[in-house]
Amino acid sequence: MRSAERVDRCSARIPFEFATAIDMTEVENDPDDWRPAPSPAAITALRAARITLVTEANNHGEDCGRPGLAESLAVAKAANYPVIGIGADATQAFAPYRATIKGQRIAIIAATEVIDTDLQESWTATATQPGLASAYQEGELVAAVQAARKDSDTVIVFLHWGSETQTCPNPIQE
């Protein structure tokens, strides 16, 4: 059986939904100026939609700067809602979501490869800096996968990557 077929057959039996979520909020009530912003209402909507967890590891993950990132983490923590791919440091950003489903121990890790080059350093979580789990930190990502694999039957990496507005894989993806 090919790997893709195996993943399709396995994922069809996993009873949870996973998404990249952004709460679009107008800035100072200006409908032409919006940016992603965390809110408790977003968590309520995600739960109502039966979304089990979300990742903020994407090219909008820090659009609201450090204060928005801190607020996202605080909102998720207060609501006891799993948000992966961001963190107060790299350890938290690369930490997996874990679940046991039908006896299978599953770990999900999220990272992004879509970060503007001028923001890459400032948006990437490090040992001393909050931020996104960056796929450019290949060693960190591989280490997170290897650590998760030690006590998981299945490890899923949700990678936000590719070229925006393109429907075909870019050369890196191929």
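Reader: Which residue in strand 10 is the bridge partner of Ile-109?

Author: In this predicted model, the bridge partner of Ile-109 in strand 10 is Val-157.

Reader: What makes strand 8 and strand 10 a pair?

Author: Two strands pair if DSSP finds at least two bridges between them, and strand 8 (residues 104–112) and strand 10 are joined over seven bridges, in the parallel sense; the two strands therefore count as paired.

Reader: Why are strand 7 and strand 10 called edge strands?

Author: The open sheet has three strands in the order 7-8-10, with mixed pairing. Strand 7 (97–101) and strand 10 (154–160) each pair on one side only, and are the edge strands. From one strand to the next the twist averages 25°.

Reader: How do you know that helix 6 packs on the sheet, and what angle does its direction make with that of strand 8?

Author: Contact means heavy atoms within 4.5 Å, and helix 6 (residues 138–149) touches strand 7, strand 8 and strand 10. Its direction makes about 170° with that of strand 8, on a scale where angles run from 0 to 180 degrees between N-to-C directions.

Reader: Which elements give two or more residues to the largest nonpolar core?

Author: Of the 14 residues in this core, those touching the most other members include Leu-46, Ile-51 and Tyr-81. Helix 2 (40–48), strand 4 (51–55) and helix 3 (65–79) each give two or more residues, and helix 3 gives the most, with four.

Reader: What does Tyr-81 contact, leaving aside its neighbours within four places in sequence?

Author: Among its contacts beyond those neighbours are Ile-43, Leu-46, Ile-51, Val-54 and Ala-76.

Methods. Residues are numbered from 1 along each chain as its sequence is written. This is a predicted model: local features need pLDDT of at least 70, side-chain atom pairs count only at pLDDT 80 or more; totals for chains, interfaces and linings use all residues. Side-chain values use heavy atoms; hydrogens and water are left out. A nonpolar core is a set of buried Ala, Val, Leu, Ile, Met, Phe, Trp, Tyr and Cys residues joined through side-chain atoms within 4.5 Å. Buried means under 20% relative accessible area, exposed over 50%, partly exposed in between (1.4 Å probe, protein chains only).
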